[in-house]
Amino acid sequence: MSSFDELGLSGAVLRAVKRAGYDAPTPVQAQAIPIALEGRDIVGASQTGTGKTAAFALPIVSTMKRSTKPQCLVLEPTRELAAQVEDQMNVFSYYKPLNVMLLHGGVGYGHQIEALESKPDIIIATPGRLLDHIEKGNLDLSNIQYLVLDEVDRMLDMGFLPDVKKIIDRCPPGRQTLFFSATMPGAIETLANWALKEPAEVEIGGRRSPAETVSHAFYPVGMDQRDELILELVKRTGFESMMIFTRTKKEADSLLPRIKEIEGTKPTALHSDIRQSDRTKALQGFRDGTFNVIVATDIAARGLDVSGVTHVINYRVPENPEDYVHRIGRTGRAQMEGDAFTILTADELENAAAVEHYVDQKIERRKLDNFNYHYTALLEENPKPLRRRRPPGKRR
Ligand code: AMP
């Protein structure tokens with residue numbers, strides 16, 4: 001399929017797509033849009049950066065009419081993702097009189113209650129705050145016709161599944177449900193079977209393959225030199241924009257001031273202890289170039305639409321191989337070249353092997369030239385076996 005005109009979308013949506021500057025549908029859009037327009041449920045596995053948001057938003061906006069009660073609910077795991085989807089919904093509904101509303105935690109209730117009173121048609125929400133409003137009687141989902149459950153595996157990771165189930169239960173059974181998850185562990189499959197009716201499956205790019213334009217490398221080092229190596233790597237890498245992922249908020253906070261000292265860097269941080277207004281500023285600043293480095297925990301890794309990230313550096317090897325794929329999904333978007341570097345210490349060898357197994361490729365081990373490495377067995381080209389063989393003739 002080579003043109004949006006052939007997908008069955010309404011004239012108003014086609015004009016909005018043109019205004020957004022999209023020339024042709026991406027594969028996930030070409031596959032999902034005609035199915036969604038037929039009113040069928042969808043279960044989709046699609047990598048971030050593939051145009052998934054438009055794949056569900058365009059058919060919904062295309063068929064929706066202004067009403068007095070919310071008709072479309074989109075659930076997202078993080079505030080940032082919700083805000084990003086809201087932006088896109090506003091772009092796609094530019095030529096339709098639809099009221100789009102964003103609802104997430106971390107901000108006051110007052111404005112949200114006012115906005116709910118102004119009769120939104122489309123609500124994009126994180127589960128906790130949405131449920132709060134439902135339980136307080138501020139919101140009624142009885143007219144929902146379209147329910148989008150996005151990044152469901154992330155919602156599971158964040159402990160949102162009980163809330164998500166309660167929310168689904170509040171939506172009428174006659175609704176259309178569009179369900180997206182990069183991975184399908186058992187708990188999610190069970191949820192999908194319960195929430196969906198004879199869904200069409202849409203899978204683009206495979207569930208496992210990370211962005212193909214990314215080149216990967218592990219940088220082995222002794223544990224005592226992890227910080228020194230990452231700082232040196234940042235210093236020596238010619239990057240335009242870089243994301244550094246740490247496992248904990250504390251690691252992110254402790255790296256930030258040291259990265260600030262490196263010439264040419266304009267870093268900021270993003271994690272869940274940072275106030276929502278500052279998280280928005282950090283992300284906006286990273287997008288518009290005010291910052292060229294963002295030090296983040298995994299909250300920033302999923303689905304965030306940040307274009308032009310040239311380098312991703314992992315401070316540690318992620319414990320879940322899926323997180324590695326989501327992190328490196330920030331680079332190599334839209335066919336741009338990207339590099340993903342991961343600092344590797346001896347305690348992380350199992351995680352490294354899991355990542356290699358998951359991405360189905362051996363990741364190159366690299367040594368930084370002229371770096372004053374202390375000894376680590378990981379750096380040996382042909383590491384000696386740990387247990388030496390007993391000399392011949394000696395038996396116990
Ligand atoms: P997503 O996977 O939904 O996060 O989308 C990734 C990025 O691709 C967003 O910046 C979209 O605006 C952009 N995008 C989505 N669909 C298209 C398309 N058909 N042509 C060009 N850009 C697109």
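**Labels and their grounds**

The chain has 14 helices and 14 strands. The model is a predicted one. Of its 396 residues, 54% count as buried. Contacts between residues 24 or more positions apart make up 76% of those with a separation of 6 or more.

Q: Why is Val355 called buried?
A: Buried means under 20% relative accessible area. Val355 has a relative accessibility of 1%, so Val355 counts as buried. The residue lies in helix α14, residues 349-359.

Q: Which residues does Val355 touch, not counting residues up to four places away in sequence?
A: Val355 touches Val317, Pro321, Tyr324 and Ile363. A touch here means heavy atoms within 4.5 Å.

Q: Why is Ile328 called buried?
A: The relative accessible area of Ile328 is 0%, and the cut-off is under 20%, so Ile328 is buried. Its place is in helix α13, residues 321-328. Ile328 and Asn314 are 14 residues apart in sequence, and their C-alpha atoms are 9.1 Å apart in space.

Q: Why is Arg236 called partly exposed?
A: Buried ends at 20% and exposed begins over 50%, with partly exposed in between. Arg236 has a relative accessible area of 38%, and therefore Arg236 is partly exposed. Arg236 belongs to helix α10, residues 226-236.

Q: What is Arg236 in contact with, leaving aside its neighbours within four places in sequence?
A: Arg236 is in contact with Leu368, Asp369, Asn370 and Phe371. For one of these, Leu368, the C-alpha atom is separated from that of Arg236 by 9.4 Å, and the two residues are 132 residues apart along the chain.

Q: What makes the phi of Lys119 worth a note?
A: Most residues other than glycine have a negative phi. Lys119 is not a glycine, yet its phi is positive, near 60 degrees. Lys119 sits in the loop between α5 (110-117) and β4 (122-125). With a relative accessible area of 38%, Lys119 falls between the two cut-offs and is therefore partly exposed.

Q: What is the phi of Glu151, and where is Glu151 found?
A: Glu151 has a positive phi of about 50 degrees, although it is not a glycine. Glu151 is found in the loop between β5 (146-149) and α7 (152-157). The relative accessible area of Glu151 is 5%, which is under 20%, so Glu151 is buried.

Q: What makes the 35 residues a nonpolar core?
A: The label requires buried residues of the listed nonpolar types, joined through side-chain atoms within 4.5 Å. The largest set of this kind has 35 residues, and those with the most contacts inside it are Phe56, Leu58, Val74, Met89, Ile122 and Ile124. Helix α3 (residues 52-63) gives the largest share of this core, 7 residues. A second, separate core has 31 residues, including Leu116, Ile123, Ile167 and Ala195.

Q: Which residues does Leu58 touch, not counting residues up to four places away in sequence?
A: Leu58 touches Phe4, Leu9, Val13, Val17, Ile33 and Phe92.

Q: How do you know that α3 is mostly covered?
A: Of the 12 residues of α3, 11 are buried. Among them are Lys52, Thr53, Phe56, Leu58, Pro59 and Ser62.

Q: How many residues line the second largest pocket, and which lie nearest its centre?
A: The lining of this pocket has 14 residues, and Arg79, Glu80, Ala83, Gln276 and Thr280 lie nearest its centre. A residue counts as lining if it has an atom within 4 Å of a grid point of the pocket. The volume of the second largest pocket is about 260 Å³.

Q: Which elements and domains give residues to the lining of the second largest pocket?
A: The elements that give two or more residues are α4 (79-92) and α12 (276-288). Helix α4 gives the most, with 6 residues. At least three lining residues come from each of domain 1 (4-204) and domain 2 (214-386).

Q: What classes of residue line the second largest pocket?
A: The lining has 4 nonpolar, 5 polar and 5 charged residues.

Key. Residues are numbered from 1 along each chain as its sequence is written. This is a predicted model: local features need pLDDT of at least 70, side-chain atom pairs count only at pLDDT 80 or more; totals for chains, interfaces and linings use all residues. Side-chain values use heavy atoms; hydrogens and water are left out. Buried means under 20% relative accessible area, exposed over 50%, partly exposed in between (1.4 Å probe, protein chains only). Helices (H or I, at least four residues) and strands (E, at least two) are DSSP runs, numbered from the N terminus. On a 1 Å grid over the protein atoms alone, a cavity is a set of points where a 1.4 Å probe fits but cannot get out, and a pocket is an open set with protein on both sides within 12 Å along at least five of seven lines; lining residues have an atom within 4 Å of a point. Grid points are joined across faces, edges and corners, and a volume is the space filled by probe spheres set on the points. Ala, Val, Leu, Ile, Met, Phe, Trp, Tyr, Cys and Pro count as nonpolar, Asp, Glu, Lys and Arg as charged, and the others, Gly among them, as polar. Domain bounds come from an automatic or database domain assignment.
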